[in-house]
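Notebook open, model on screen.

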Amino acid sequence: MSQVIIPSLWFDHVARGAVDFYLDVFPDARQTHIAHYPAEGLPDFQQEFAGKVLEIGFSIDGFEFSAINAGPEFAINPSISFMLNFDPSTMPDARDRLDALWARLIDGGSALMDLDSYDWSARYGWLQDRFGVNWQLMLTDPAGEPRPFVIPQFMFPYRSARAHEALQYWTSVFPDARQGTVVGYQPDQGQPDGTILFSDFQLAGQWFSAMDSGAQLPEGFDFNEAVSLTVQCADQAEIDHFWQALSAVPEAEQCGWCKDRFGVSWQVVPAAMEELMARPGAYQKMLAMKKLVIADF
């Protein structure tokens, strides 16, 4: 089954360096494709990128990512991170591999939660790498239901209590969707009723996780366009469906990008986007659109 939802990471001029870093750090990573800005016809704010790298696709353990090479408009923060599950039942040297990867990823980065033993895992840590991307490395319980190696996680603002609302809404929007584990905060932990400590769920057959932050975080930890979710649509009908369901902020609509009721950014695009963008003038046509219309390329 092909991956329908692809996380897109926004980098300030350093997408190439970031992808090269991940290709070196992760033993099972590979580059899948690369796209460039047009050599001419760009708007003024993109002139410096003429002919340069626009986007690089890469995968980690078969999970696809997109690296966007752009300007300083958006910065990645911990509101969306990536859980890396090391399962001893399928990975005999799971703890050693976790420790080795932690050492590589934290080089030039910083720890948000130190690598240590916690109630939920015998070995866990949360770090922000040198490019700002957040990773949670966890030794999983082999007795639990199997999960993939990479799972994107949404962290909702402190005391918002919206994680459960979001997973219920998203699972109503996407096909092949279901709720998995949901663990709430205990009454003595001082959180509003319905606040989620941890949850996971599937959208389009892919696993995601969501939680409500248990602490007041520094300013700038909210969802933004620096980590968006690209939805690859089979046809215009699918584009129309997801656009109607996900776009809730009119001023955020541009070039297939939209923002939902929870502040999460999505890119609703045709699965054949690479083919469409090869057509003459396609980039300029895309810039003029909000929702993408295949017939207008």
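In what order do the seven strands of the open sheet come? I'm working from a predicted model here, and I read the order as S2-S3-S4-S1-S13-S15-S14, with mixed pairing. Strand S2 (29–36) and strand S14 (257–259) sit at the edges with a single partner strand each, so one side of each has no neighbour in the sheet. I get an average twist of 30° from one strand to the next.

Next I looked at one pair inside that sheet. Strand S3 (residues 53–60) runs antiparallel to strand S4 (residues 63–70), and I find six bridges between them. Glu55 is opposite Ile68 in S4. Then I checked what lies against the sheet: helix H1 (residues 15–25) packs on it and touches strand S1 (5–12), S2, S3 and S4. The direction of H1 makes about 165° with that of S2.

Then on to S7 (residues 121–128). Is this strand mostly covered or open? Mostly covered: six of its eight residues are buried.

With strand S6 (residues 110–118), S7 pairs in the antiparallel sense over five bridges, and the two form a hairpin with two residues between them. Met113 is opposite Trp126 in S7. S7 also runs antiparallel to strand S8 (residues 134–139), again joined by five bridges, and here Tyr124 faces Met138 in S8. The hairpin of S7 and S8 has five residues between the strands, and Gly132 takes a positive phi near 95° there.

Methods. Residues numbered from 1 in each chain as written. Predicted model: local features only at pLDDT ≥ 70, side-chain atom pairs only at ≥ 80, totals over all residues. Heavy atoms only, no water. Buried < 20%, exposed > 50% of the residue type's maximum accessible area, 1.4 Å probe, protein only. Helix = DSSP H or I, 4+ residues; strand = E, 2+ residues; numbered from the N terminus. Pairing = 2+ DSSP bridges. Axes fitted to C-alpha atoms, helices over the stretch in contact; angles between N-to-C directions. Contact = heavy atoms within 4.5 Å.
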